[in-house]
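Let's go through this one as a set of questions and answers. Here is what we'll be looking at.

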2 protein chains.
Amino acid sequence: MIGRLNHVAIVVPDLAAAARTYAEGLGATVSPPRDLPEHGVTVVFVALPNAKVELMAPLGPASPVAGFLARNPAGGMHHVCFEVPDLRAARDRLVAQGLRVLGTGEPQTGAHGNPVLFLHPKDLHGTLVELEEVFD
Amino acid sequence: MIGRLNHVAIVVPDLAAAARTYAEGLGATVSPPRDLPEHGVTVVFVALPNAKVELMAPLGPASPVAGFLARNPAGGMHHVCFEVPDLRAARDRLVAQGLRVLGTGEPQTGAHGNPVLFLHPKDLHGTLVELEEVFD
């Protein structure tokens with residue numbers, strides 16, 4: 001069912017410093033920072049040949065990653081995103097097996113403009129997993 | 001400098017249960033469990049079209065992931081691995097910029113038989129980063 005690993009999302013306390021480390025230290029191609037107010041984060045995309053790393057910092061007072069950063073002040077890996085061809089079919093299959101979808105259970109629009117859902121980390125062995133519908 | 005995202009490593013408390021979730025729940029292709037006594041872990045490789053997820057559980061009393069699991073009893077994302085064409089050149093470049101390499105600073109043989117190094121998470125904004133030398 002799941003296809004490609006789309007991205008790994010990393011929350012960092014200082015987005016400019018992290019972008020510099022990936023660009024100048026690791027020699028990767030990084031995007032300019034982009035505010036996503038509807039997601040409460042500012043992101044920098046690190047483009048690797050086969051996948052992306054998304055560096056995220058909280059944006060606004062109700063950022064969904066503020067709590068993560070409070071628990072992990074140095075930053076850390078936040079979630080991993082897998083692509084699926086049909087998000088609702090994937091959700092229905094997982095829910096039928098007892099896995100929980102966060103929020104309303106309905107797909108939302110993710111940072112790349114595609115429909116996304118998040119699975120409960122307790123059902124994925126401690127890891128927050130995002131599913132993103134990507135058309136090939 | 002860094003190339004492909006080789007894998008994301010996830011530590012889990014119950015490797016068989018996690019392998020089942022990825023195989024039966026997410027519909028991915030998973031390998032049989034493989035003991036790596038020289039690394040103190042048992043691993044299951046989840047093969048995605050563009051990258052791997054490595055599910056890891058502690059093996060033996062001195063496992064390097066035992067402490068992680070003690071701090072994160074439900075499991076969680078442990079590290080991300082990027083490929084480099086020349087590991088010593090990558091190390092020298094990073095060390096010259098003040099980044100710290102874990103252990104002796106000399107490449108070790110990783111889970112895939114390739115030379116690997118780990119960078120200090122404090123220098124990578126809270127994330128443990130593995131560099132693996134992969135010949136194209």
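## Helix first, then the interface

Q: Which residues of α1(B) are buried?
A: This is a predicted model, and buried here means under 20% relative accessible area. By that cut-off, the buried residues in α1(B) are B:Leu15, B:Ala17, B:Ala18, B:Ala19, B:Thr21, B:Tyr22 and B:Gly25.

Q: At the start of α1(B), which backbone nitrogen does a side-chain oxygen of B:Asp14 reach?
A: Look at the start of α1(B), where B:Asp14 points a side-chain oxygen at a backbone nitrogen. The two atoms come to within 3.2 Å, and the nitrogen belongs to B:Ala16.

Q: Which residue just after α1(B) takes a positive phi?
A: Step just past α1(B) and check the backbone there. The phi is about 70°, and the residue is B:Gly27.

Q: What area do chain B and chain A bury between them?
A: The contact draws 44 residues from chain B and 44 residues from chain A. Carbon and sulfur atoms carry 67% of the buried area. The area itself is about 3300 Å².

Q: Which residues of chain B lose the most area to chain A?
A: Three residues together make up 23% of what the chain B side buries. They are B:Leu26, B:Met77 and B:His125.

Q: How many residue pairs are in polar contact across the interface of chain B and chain A?
A: Salt bridges don't feature here, as the rule finds zero of them between chain B and chain A. For polar contacts, with both residues at pLDDT 80 or more, the number of pairs is 19.

Q: Which element gives the largest share of the side of chain B that touches chain A?
A: The elements giving two or more residues to that side are β1 (5-11), α1 (15-25), β5 (52-58), β6 (76-84) and α3 (87-96) of chain B. The largest share is seven residues, and it comes from α1(B).

Q: How many residues on the side of chain B that touches chain A are nonpolar?
A: Sort that side by residue type and you get five charged and 13 polar residues. The nonpolar count is 26.

Q: What relation do chain B and chain A have?
A: A rotation of 180° with 0.0 Å of shift along its axis superposes chain B on chain A, at an RMSD of 0.0 Å. The same surface serves both copies, with 100% of the contact residues of chain B recurring in chain A.

Q: Is A:Asn6 buried or exposed?
A: A:Asn6 sits in strand β1 (residues 5-11) of chain A. Beyond four places away in sequence, the residues A:Asn6 touches include A:Phe82, A:His112 and A:Val134. Because its relative accessibility is 6%, A:Asn6 counts as buried.

Note on methods: Residues are numbered from 1 along each chain as its sequence is written. Chains are lettered from A and ligands numbered from 1 in the order in which they are written. Side-chain values use heavy atoms; hydrogens and water are left out. Contact means heavy atoms within 4.5 Å. Buried area is the accessible area (1.4 Å probe) that two parts lose on being put together, summed over both. A salt bridge is a side-chain nitrogen of Lys or Arg within 4 Å of a carboxyl oxygen of Asp or Glu. A polar contact is a pair of N or O atoms within 3.5 Å; within protein, one must be able to donate a hydrogen and the other to accept it, and residues adjacent in sequence count only if both atoms are side-chain atoms. Helices (H or I, at least four residues) and strands (E, at least two) are DSSP runs, numbered from the N terminus. Ala, Val, Leu, Ile, Met, Phe, Trp, Tyr, Cys and Pro count as nonpolar, Asp, Glu, Lys and Arg as charged, and the others, Gly among them, as polar. Copies are superposed by least squares on the C-alpha atoms of residues with pLDDT of at least 70 in both. Buried means under 20% relative accessible area, exposed over 50%, partly exposed in between (1.4 Å probe, protein chains only).
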